[in-house]
Amino acid sequence: MPLLENGQIIQDTWKTTVEGEPLPAGNVLVPLARLSEGLGRNDDARLGVVLSSADEVETLRDALPRLDVVVLTFPVFRDGRPFTQARALREHLGFKGEIRAGGHILPDQYEFLLRCGVTTVVLPDEADPAVWRKAHAAFTVAYQPSVLDEQPEGFALRRRLA
């Protein structure tokens, strides 16, 4: 599946584990249930974890310094818990690595994902990247604060009206 970063398709260098099989060599994404197994590896490969929307990001607190990627999974597009997970990873836990969103995501959600701290999005195979780029460029004004280094328009507007 294509991987989108800042509106551009990039190469995905990560391998996802298969249930019941040993961890593959190289950069690997493991489900939360297998995180301790991934943390126990003695090689120089990078490690990432895949969370479901029901998982608590707080459980990653001790492991975050060893993780390069956290994958958040949207079971359906209207499940907003991964947005909260992304904000919690960035704002409360101080995670600086890649936050990847996958699952059932709509192009309309792309800009909101970025504002919550997501850095990459796994696109479905049939997705048109141009639609996602257009969605990324559609919103030029923000009214709420985000994890991005920006000044929301709502704050500037309030200052002008005060």
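This is a predicted model: local features need pLDDT of at least 70, side-chain atom pairs count only at pLDDT 80 or more; totals for chains, interfaces and linings use all residues.
Biologist: Take Leu67. What is it in contact with, leaving aside neighbours within four places in sequence?

Modeller: Leu67 is in contact with Leu35, Leu47, Gly48, Val49, Leu60 and Phe95.

Biologist: Now the sheet. In what order do the strands run?

Modeller: Eight strands make an open sheet: S2-S1-S8-S7-S6-S5-S4-S3. The pairing is mixed. S2 and S3 (15-16) are the edge strands, each pairing on one side only.

Biologist: And what packs on the sheet?

Modeller: H2 does, touching S5, S6 and S7. Its direction makes about 160° with that of S6.

Biologist: How many bridges join S1 and S8?

Modeller: Three, in the antiparallel sense. Leu4 stands opposite Val121 in S8.

Biologist: Switching to loops. Where is Asn6?

Modeller: Asn6 sits in the loop between S1 (3-5) and S2 (8-10). Its phi is positive, about 50°, though Asn6 is not a glycine. Most residues other than glycine have a negative phi.

Biologist: Is Asn6 buried or exposed?

Modeller: Asn6 counts as exposed because its relative accessibility is 55%, and the cut-off is over 50%.

Biologist: What about Glu126, buried or exposed?

Modeller: Glu126 counts as exposed too, at 68% relative accessibility. Glu126 is in the loop between S8 (120-122) and helix H4 (129-138).

Biologist: How many residues separate Glu126 and Pro2 in sequence?

Modeller: They are 124 residues apart in sequence, and 9.3 Å apart in space, C-alpha to C-alpha.

Definitions and conventions: Residues are numbered from 1 along each chain as its sequence is written. Side-chain values use heavy atoms; hydrogens and water are left out. Helices (H or I, at least four residues) and strands (E, at least two) are DSSP runs, numbered from the N terminus. Buried means under 20% relative accessible area, exposed over 50%, partly exposed in between (1.4 Å probe, protein chains only). Contact means heavy atoms within 4.5 Å. Two strands pair if DSSP finds at least two bridges between them. Axes are lines fitted to C-alpha atoms, for helices over the stretch in contact, and angles run from 0 to 180 degrees between N-to-C directions.
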